[in-house]
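Colleague: I am new to this structure and would like to see how its descriptions are reached. Please show it to me, and I will ask about the terms as we go.

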Amino acid sequence: MPKLVDHEERRAHIVDALLRSAARDGLHSVTMRSVATEAGVSVRLVQYYFDTKEKLLLDAMTRLTGRMGERVRHRVRATGAGTDPRGIIEAVLLEAVPTDDESRAFHLIHTEYAVLSVTDRALADQAFLAAPNEMEAFLAAHLATARRSGDTDPTLDPHREAAVLLATSAGLGLSVLLGQRTPEEATATLRYHLDRVFPTTD
């Protein structure tokens, strides 16, 4: 009896091969052929599941973002933040600090994809900003909750502060990748700013 093919498993296997290759050699070096080699399959099979390199990259970014989302949820549960806005926001932002191989790969690949999409029309046409926009809205909602409960300055603009927090965490994450500061220093800086946003939080 012929073995049934799990197409989703094959797609995931190919995408994971791309992520390994990109984390090791850089996203700019990724080709359909290099991904096929990394995955141990034929180029034709990669093309069967992904018509274009752009679709393969988008699928990889979606998978990468999903993994990072799970890491955030795990961090929130581990810290016992519950529904506390400060704890939830801190857990989200601390995932912007590359502290291990997985988080380093996420930020390295995510940053390089963003840069490439500036000059590559095919990448720019993909739905790249959906996840960052959702994250900004998520943070803004928790900041609004904190403002209503009196845990932040009543004049705080949740949407602008969410943008500032994401920009700060992204910049600190990049500085860790570049070796400008350590993960511990970046974490301390994030908490320093959050202490100013949540002055009444213990």
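Colleague: What makes His-107 count as buried or exposed?

Modeller: This is a predicted model, and the values are computed from it. His-107 has a relative accessible area of 12%. Buried means under 20%, so His-107 is buried.

Colleague: Where is His-107 found, and with which residues is His-107 in contact?

Modeller: His-107 is found in helix H6, residues 101–119. Leaving aside neighbours within four places in sequence, His-107 is in contact with Glu-95, Ala-96, Val-97, Pro-98 and Leu-177.

Colleague: Is Glu-90 buried or exposed, and how do you know?

Modeller: Glu-90 has a relative accessible area of 16%. With buried set at under 20%, Glu-90 is therefore buried. Glu-90 is found in helix H5, residues 85–94. With neighbours within four places in sequence left aside, Glu-90 is in contact with Arg-191 and Leu-194.

Colleague: What makes H5 roughly parallel or roughly antiparallel to H10?

Modeller: H5 and helix H10, residues 183–197, pack at an angle of about 150°, with their axes 11 Å apart. Angles over 145 degrees count as roughly antiparallel, so H5 is roughly antiparallel to H10. The crossing of H5 and H10 is right-handed.

Colleague: Which residues meet between H5 and H10?

Modeller: From H5 there are Arg-86, Ile-89, Glu-90, Leu-93 and Leu-94. From H10 there are Thr-187, Leu-190, Arg-191, Leu-194 and Asp-195. By class, this contact of H5 with H10 has 5 nonpolar, 1 polar and 4 charged residues.

Colleague: Which residues meet between H4 and H5?

Modeller: Val-72, Arg-75 and Val-76 in H4 meet Ile-88, Ala-91, Val-92 and Leu-94 in H5. The residues of this contact of H4 with H5 divide into 6 nonpolar, no polar and 1 charged.

Colleague: How do you know that the length of H4 agrees with its number of residues?

Modeller: Helix H4, residues 53–79, has 27 residues, and at 1.5 Å a residue these should span 39 Å. The end C-alpha atoms of H4 are 39 Å apart, which agrees. Among the buried residues of H4 are Leu-56, Leu-64, Val-72 and Val-76. Just after H4, Gly-80 takes a positive phi of about 70°.

Colleague: How many helices and strands are there in the chain, and what percentage of the residues count as buried?

Modeller: There are 10 helices and 0 strands. Of the 202 residues of the chain, 38% count as buried.

Key. Residues numbered from 1 in each chain as written. Predicted model: local features only at pLDDT ≥ 70, side-chain atom pairs only at ≥ 80, totals over all residues. Heavy atoms only, no water. Helix = DSSP H or I, 4+ residues; strand = E, 2+ residues; numbered from the N terminus. Buried < 20%, exposed > 50% of the residue type's maximum accessible area, 1.4 Å probe, protein only. Contact = heavy atoms within 4.5 Å. Axes fitted to C-alpha atoms, helices over the stretch in contact; angles between N-to-C directions. Parallel < 35°, antiparallel > 145°, perpendicular 65-115°, else oblique. Left-handed = near helix turned anticlockwise from the far one by under 90°. Nonpolar A, V, L, I, M, F, W, Y, C, P; charged D, E, K, R; others polar. Expected span 1.5 Å × (residues − 1).
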